[in-house]
Amino acid sequence: MKHKTTSREYAFLMIDYKKPDFIDRLQSNIKKEDLYTEEDNDDYGIEKHSHVTLVPCLDNDVDLKELKKYLKDINEYKGVLTDISKFECENFDVLKCSVISDRLKETNNKIVNDFETHSEYKEYKPHLTIAYMKRGMADKYLKDILPKLVYIEPTNFHFSYVDENGKEKDIKFE
């Protein structure tokens, strides 16, 4: 497996989820010209991996064995999607669904209290990213509430970090 060298500074602890059908449909209806992309960087555009970040911006040398002690059984991280909304970044908007899960919030809180993190966002707002959009383009796809409850099923934990050689590494586990 070839790894690209990255300028990313931090590790991320995520949970991968089965992608709900309605997100597939929504992603297929997003116009290509509305997407934010960067040449030679496939991290943007349509989100390819359905996940919720559990803890962002951990130190890359964090002890994964210690982190795992804070995690419950993967099946305890089921969630409910509540809306289609966005948040704005400097260069793009993130089209996303908010996620309700007491277990996500509880686990995030415990880890953030015991491990150093470097996120600029102090309040944890779990979400499932749909796509990275050009500024102002996400507005076309927003909905205040979903037409019915959509449950998401976790598949595995996902730890993404940068090794001492600047290569992105991913470890998936249950």
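1. Fold. The protein chain holds three helices and eight strands, where helices (H or I, at least four residues) and strands (E, at least two) are DSSP runs numbered from the N terminus. Read from the N terminus, the order of elements is β-α-β-α-β-β-α-β-β-β-β.

2. Basis. This is a predicted model, in which local features need pLDDT of at least 70 and side-chain atom pairs count only at pLDDT 80 or more, while totals for chains, interfaces and linings use all residues. Residues are numbered from 1 along each chain as its sequence is written, and side-chain values use heavy atoms, with hydrogens and water left out.

3. Dimensions. The radius of gyration of the protein chain is 16 Å, which agrees with the value near 16 Å for a compact globule of 174 residues; it is taken over C-alpha atoms, and the globule rule is 2.2 Å times the number of residues to the power 0.38. Along the principal axes, the C-alpha atoms fill a box of roughly 40 × 35 × 30 Å.

4. Among contacts (heavy atoms within 4.5 Å) with a separation of 6 or more, 79% join residues 24 or more positions apart.

5. Core. The largest nonpolar core has 41 residues, and those with the most contacts inside it are Leu13, Leu58, Leu67, Leu81, Leu95, Leu104 and Phe159. A nonpolar core here is a set of buried Ala, Val, Leu, Ile, Met, Phe, Trp, Tyr and Cys residues joined through side-chain atoms within 4.5 Å. A second, separate core of five residues includes Tyr36, Cys89, Phe92 and Tyr132.

6. Leu81 and Leu128. Leu128 lies in strand β5 (residues 127–133) and counts as buried because its relative accessibility is 0%. With neighbours within four places left out, the contacts of Leu128 include Tyr17, Ser50, His51, Leu81 and Lys96. Its C-alpha atom is 17 Å from that of Tyr36, 92 residues apart along the chain.

7. Val162. This residue belongs to strand β7 (residues 154–162). Its relative accessible area is 10%, so Val162 is buried. The C-alpha atoms of Val162 and Leu26, 136 residues apart along the chain, are separated by 32 Å.

Note on methods. Buried means under 20% relative accessible area, exposed over 50%, partly exposed in between (1.4 Å probe, protein chains only).
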